[in-house]
Number of protein chains: 4
Amino acid sequence: MEKRLEGRRVLVTQAGDYMGPATCEVFGEQGAEIVADASDLTRDGACEALIERAGRVDILVANLASPNFSGTPVTEMGDDDWAKTFDVMVHPLHRLTRAVLPQMIDRRRGKIIVYGSATALRGLKTVSAYSAARAAQVGYVQAVGVEVAPHNIQVNLIAQNYVENPVYYPPALREKESFQASLRRQVPLGRLATAREDAQFALFLAGEESDFFVGQAIPFSGGWVQR
Amino acid sequence: MEKRLEGRRVLVTQAGDYMGPATCEVFGEQGAEIVADASDLTRDGACEALIERAGRVDILVANLASPNFSGTPVTEMGDDDWAKTFDVMVHPLHRLTRAVLPQMIDRRRGKIIVYGSATALRGLKTVSAYSAARAAQVGYVQAVGVEVAPHNIQVNLIAQNYVENPVYYPPALREKESFQASLRRQVPLGRLATAREDAQFALFLAGEESDFFVGQAIPFSGGWVQR
Amino acid sequence: MEKRLEGRRVLVTQAGDYMGPATCEVFGEQGAEIVADASDLTRDGACEALIERAGRVDILVANLASPNFSGTPVTEMGDDDWAKTFDVMVHPLHRLTRAVLPQMIDRRRGKIIVYGSATALRGLKTVSAYSAARAAQVGYVQAVGVEVAPHNIQVNLIAQNYVENPVYYPPALREKESFQASLRRQVPLGRLATAREDAQFALFLAGEESDFFVGQAIPFSGGWVQR
Amino acid sequence: MEKRLEGRRVLVTQAGDYMGPATCEVFGEQGAEIVADASDLTRDGACEALIERAGRVDILVANLASPNFSGTPVTEMGDDDWAKTFDVMVHPLHRLTRAVLPQMIDRRRGKIIVYGSATALRGLKTVSAYSAARAAQVGYVQAVGVEVAPHNIQVNLIAQNYVENPVYYPPALREKESFQASLRRQVPLGRLATAREDAQFALFLAGEESDFFVGQAIPFSGGWVQR
């Protein structure tokens, strides 16, 4: 059997953070040529420059993550943290997409995969800014997804929660019995996903076999959200 | 029978635009004391000053609308229009909510009703910024809705589409036979809603009889979106 | 102000059970002429005979409830209980609808309101048959809702959970501290809805002001389900 | 690279119909040992006998399809066709699941994949029975999915529409220009999926890499339904 991403050029943003490392690992094993970017995409022109620098991009993995400020009541969510959440996760998504689409339209082929959050689909307390920004990603993916589908470009979002990563689930937290009990209560599957499992779903969305998925936000949360 | 909003103080934003006029009319008929604001809420401190000025607010009607730039392909959606969409519809929603919640929490009672859009729930082409911003409102309402529910405050959103208003559906458009045919094809009910119908749904969400609705985005679109 | 259902003829099924009593009370207060039926609708021809007997029906309230067998693992859900669940809640919904639609189509006006369940929208363990049957109601309402909307007939479903009723929440259960704690954990609003609150939502769906709701399953669950 | 279903025993129902042939082909290529059943599962005891006969079943592919009677108005949907729809698609799903779960629970591992329909998620006219039955499958999968997840068994459903198959889309229909135009209007991607594409999604759901999907109904419809 051949590797599943042989010959495909993949741009991964914030490659050192969040789902970046697992994506580079899994996609690399499958033969992808990876452009792993770790530049600050909030600066003026940064997204456009990155796409310019990257050259051909068959698959864009929009891995955009900021702190979720979990535990901050909505009455105390300040303007700076609010703005930063959108500056990191929402506005670069549009700028990257806008910059990469023309080459994909020309080739009549392309994939954009967004690592998003299930908090966009189900309300959770004390994550107001994060939930709003993650939901903006969902609305964007839905709208752009149907717009570019006739060009044979597929844009989809992984609406994840309860995936291992050292920022949202630091090792010290994960070892607590109270956290384990909470997991069993909140997540029907009763455990966190590994980052590799998550990247394997992204791999599925990156392949030709998933061309029929269009503008979707697909829950990946061990049953915490089902639709 | 008594009027349904007797003694309730209602703040309506952008009162001259979009759903503002119909809301003031319908809520006024039901005995509400209305603070109809038409100030520019994108300016620094404007939201906080408005809540300060308004005094007691039993019900906040967040009527925040910007152009939807329908017809603009995602590849041509510029940074200024993108930013404006969020500046008008998303950021003031947080600042108004944050400012008004403390008094509602103190009284253990309050309602926040957001006039949103069904484009947050179903993808539509050439409205990328608008869909993203409207979806941000949905994510915000879901998260804040569950957070403040224990204080007996209900936050909900009307996910509307195909509601009469002179900006999105100018009279000249509405008279075209092609528009009428498109309506019958797209909207199962086959017509636009009147602004009054929409305001009557807001009236329902403003009353005590709807306390059990919590953090919801409820489609109001003649069947265009069902869930 | 006039009463909201003056001159409207309403058929309520299983009028003595579940949401029947509260519906008859609330709709009666608003001037409706109520046909309160308590016949067994699972018998051959029973639905058709009821519609025949009822004469003019402006509003059909399909209040169809069976035990939910909560606590029965899926591996032990027997054929008889499975079949009964569909016999009571699903098949009569179609037969009542099919029988009442022709007169509504003739008058170009009508409302069908289904008291359904939020378990159709969110998975819950040990209620497999009930969840499947309640979901069948949702699928039916969505499909029939868009089909009959052009006739100006609105079909909608209340996707409820955590509503007071003596069958699902017997008084002895409600008094337990463990039940109260579970409520606060599961239901963001932290309490059950009263049956009257639920009937008031049905009242909203029964009125002309809600004509723009088409084929929808609307969560009514204190935030347990939001969409 | 190794084959993805090496050593896994897969039971495919109605193996000659609908998605059966493509599933057997794709799963076979990946090394699965396939039990391709074509018996009539509506007969008493048929499901239990099949599971008995099949021996070890690692993966159950519930491929249950009946005519959709598209074009039949709800007022003309007769009792026999209504019952048949549930007899073929709904009741055997429970009986197969109930019979196969004990061995999966014993092994703490198993997958149940249901080929369902996106008509469960979005209303379509003149398919009332079909939509209701397909929605029952969704409700069942959601409930059973969260119930059996703690046993490390994953139950998921493909909510598909616009997938090639000779029953719903006969060749004569597919060749019509009016059908092609309708496809471009209804399906953002502008084409039908091949049966192989669909089976490849089932393959993804059959593999270990998708263990984090729990009780979900995932749209597969070229963008016709997004959530």
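Predicted model: local features only at pLDDT ≥ 70, side-chain atom pairs only at ≥ 80, totals over all residues.
In chain B, Glu209(B) and Arg4(B) join their side chains in a salt bridge, with N and O 2.9 Å apart. This pair brings together distant parts of the chain, 205 residues apart: Glu209(B) sits in the loop between α8 (195-206) and β6 (217-220), and Arg4(B) in the segment before β1 (9-12).

**Salt bridges**
- Over all chains, the count comes to 56 salt bridges.
- In the opening pair, Glu209(B) is buried at 15% relative accessibility, while Arg4(B) is partly exposed at 29%.
- Glu33(D) and Arg9(D) also form a salt bridge, at 2.6 Å from N to O. Glu33(D) belongs to strand β2 and Arg9(D) to strand β1 of chain D, so the pair ties together parts 24 residues apart in sequence.
- Asp37(A) pairs with Arg53(A), their closest N and O atoms being 3.1 Å apart. Asp37(A) is buried, at 7%, whereas Arg53(A) is exposed, at 53%.
- A network of salt bridges links Glu25(A), Glu29(A) and Arg196(A).

**Nonpolar core**
- The largest nonpolar core holds 356 residues, and Phe27(A), Phe27(B), Phe27(C) and Phe27(D) touch the most other members.
- Phe27(C) touches residues including Leu5(C), Val10(C), Ile34(C) and Leu203(C).

**Where chain A meets chain D**
- Here 42 residues of chain A contact 42 residues of chain D.
- The area buried between chain A and chain D is about 3,400 Å², with 63% from carbon and sulfur atoms.
- There are zero salt bridges between chain A and chain D, but 10 residue pairs are in polar contact.
- On the side of chain A that touches chain D, 21 residues are nonpolar, 12 polar and nine charged.

Technical notes:
Residues numbered from 1 in each chain as written. Chains lettered and ligands numbered in written order. Heavy atoms only, no water. Contact = heavy atoms within 4.5 Å. Buried area = accessible area lost by both parts, 1.4 Å probe. Salt bridge = Lys/Arg side-chain N within 4 Å of Asp/Glu carboxyl O. Polar contact = N/O pair within 3.5 Å; in protein donor to acceptor, adjacent residues only side chain to side chain. Nonpolar A, V, L, I, M, F, W, Y, C, P; charged D, E, K, R; others polar. Core = buried A, V, L, I, M, F, W, Y, C linked by side-chain atoms within 4.5 Å. Buried < 20%, exposed > 50% of the residue type's maximum accessible area, 1.4 Å probe, protein only. Helix = DSSP H or I, 4+ residues; strand = E, 2+ residues; numbered from the N terminus. Lists of a residue's contacts leave out its neighbours within four places in sequence.
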